[in-house]
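Let's take a look at how charged side chains pair up in a protein. Keep the picture open while you read, and try to find each pair yourself.

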Amino acid sequence: MEFVKIWEEEANDVWQESLKHPFVQGLVDGTLEEDKFIHYLLQDYYYLTHFVRVIKLAKRQVCDPKIKKELNQVLRRLSASELSMRQTFYPRAGIKEQNLLVVQPSPAAYHYTSHLYRTAFADEFGVTMASLLPCYALYADMGNLYAKEKSPNPLYQELLTSYSADEYQAAVFLQKELVENAAQDADKKVREQMRKSFLISAELEVEFFDMAFQKQMWRGVKNATI
């Protein structure tokens, strides 16, 4: 993982800021206020709906049938995860279907998803996948870092446990391989675009946690969904 490792090392400061963010610490020790958690879940739902669309765009950028098959597996896992969240997790958190239908993005969610689309429309598979990787990899590291902790809040613990699960860790390794292989095959210009896209996404992960912890929304813009 030559290039992925280099990018992760370059992003280490902001990466650690995410892993030790007050929002994450609140999940671990159970002190996170419920309204902040719900705000996070709704914004994460918005983010993931666009995350899926960007993966579909990435499929159009690659011809290799093996990679297309792997991306189809990713989409199936995400679909199964969304269904599980809708049927079991969201209701226990107090989120109703109607809440999901009307959710509006915060500035952080809007900016993060806009960044993903910007990289996707560059029409380079490696750049698109590099922009998606920090979301996968950061949560995998979070799962590993707090695997031995036990949050007193069962919902928080369930979420943290999902990131340390073998299936999730294996999926993240696959994504790293896809990005690394793309970087190895890319020319210098595209590889630099991949690097920048990765680093921007890594920083936007911190912004997302800030958003959730502060319950951030727009000051004056209404109905921001596009």
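In this predicted model, the side chains of Glu8 and Lys176 come together in a salt bridge, with 3.0 Å from N to O. Where do these two sit?

| Salt bridge | N to O distance |
|---|---|
| Glu8 and Lys176 | 3.0 Å |
| Glu33 and Lys36 | 3.6 Å |
| Glu82 and Arg86 | 3.1 Å |

Now for Glu33 and Lys36: is each one buried or partly exposed? Glu33 is partly exposed at 38% relative accessibility, whereas Lys36 is buried, with a relative accessible area of 14%.

Next, find helix α5, which covers residues 65–93. Glu82 and Arg86 both lie in this helix, and they are four residues apart, so about one helical turn separates them. Glu82 is partly exposed at 33% relative accessibility, and Arg86 is partly exposed too, at 22%.

Salt bridges can also link up through shared partners: Glu10, Glu192 and Arg195 are joined into one network that way.

Technical notes:
Residues numbered from 1 in each chain as written. Predicted model: local features only at pLDDT ≥ 70, side-chain atom pairs only at ≥ 80, totals over all residues. Heavy atoms only, no water. Salt bridge = Lys/Arg side-chain N within 4 Å of Asp/Glu carboxyl O. Buried < 20%, exposed > 50% of the residue type's maximum accessible area, 1.4 Å probe, protein only. Helix = DSSP H or I, 4+ residues; strand = E, 2+ residues; numbered from the N terminus.
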